[in-house]
Amino acid sequence: MAVPKKRTSKAKRNMRRSHDGISTPNIIIEADGTVRRPHRVNLETGVYKGKQVIEIQDDTE
């Protein structure tokens, strides 16, 4: 069975774990105040990259 020859120092251990942290998700706030993730269609307005790509139906009937 393989056994480490030397103890891993705290610095080496922490360097290895430096990429394991959780980062906050990126959000984009549109001009009208709606929030969306980057590179995704805004489902409330149907706009992507300044173009209307989804027709939004009103359910007020």
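The model is a predicted one. Along its principal axes, the C-alpha trace spans about 70 × 25 × 20 Å.

The contacts and the surface can be set beside these dimensions. Among contacts with a separation of 6 or more, residues 24 or more positions apart account for 0%. Of the 61 residues, 7% count as buried. The protein exposes about 6400 Å², and carbon and sulfur atoms supply 52% of that area.

**Secondary structure**

The protein has one helix and four strands. Read along the sequence, these elements follow the pattern α-β-β-β-β. The helix α1 covers residues 10–16, and S9 lies in the segment before it. Residues 35–36 form β2 and residues 47–48 form β3, while β4 takes in residues 51–52.

S9 is partly exposed, with a relative accessible area of 37%. S9 and I28 are 19 residues apart along the chain, and their C-alpha atoms are separated by 41 Å.

**Charges**

The protein carries 13 positive and 8 negative charges, and the mean positions of the two sets are 35 Å apart. Side chains of opposite charge can pair when their charged atoms come close. The count of salt bridges in the model comes to one. R36 forms this salt bridge with E30, and the closest N and O atoms of the pair are 2.3 Å apart.

E30 has a relative accessible area of 26%, so E30 is partly exposed.

**Residues with positive phi**

H39 has a positive phi of about 60° although it is not a glycine. This residue is found in the loop between β2 and β3. K49 is not a glycine either, and its phi is positive at about 55°. K49 lies in the loop between β3 and β4. H39 is exposed, with a relative accessible area of 69%, and K49 is likewise exposed, with a value of 69%.

**Accessibility of the residues named above**

| Residue | Relative accessible area | Class |
|---|---|---|
| S9 | 37% | partly exposed |
| E30 | 26% | partly exposed |
| H39 | 69% | exposed |
| K49 | 69% | exposed |

Key:
Residues numbered from 1 in each chain as written. Predicted model: local features only at pLDDT ≥ 70, side-chain atom pairs only at ≥ 80, totals over all residues. Heavy atoms only, no water. Helix = DSSP H or I, 4+ residues; strand = E, 2+ residues; numbered from the N terminus. Buried < 20%, exposed > 50% of the residue type's maximum accessible area, 1.4 Å probe, protein only. Contact = heavy atoms within 4.5 Å. Areas by Shrake-Rupley, 256 points an atom, 1.4 Å probe, with all protein chains shown as cover. Lys, Arg positive; Asp, Glu negative; His and termini not counted. Charge placed at Lys NZ, Arg CZ, Asp CG, Glu CD. Salt bridge = Lys/Arg side-chain N within 4 Å of Asp/Glu carboxyl O.
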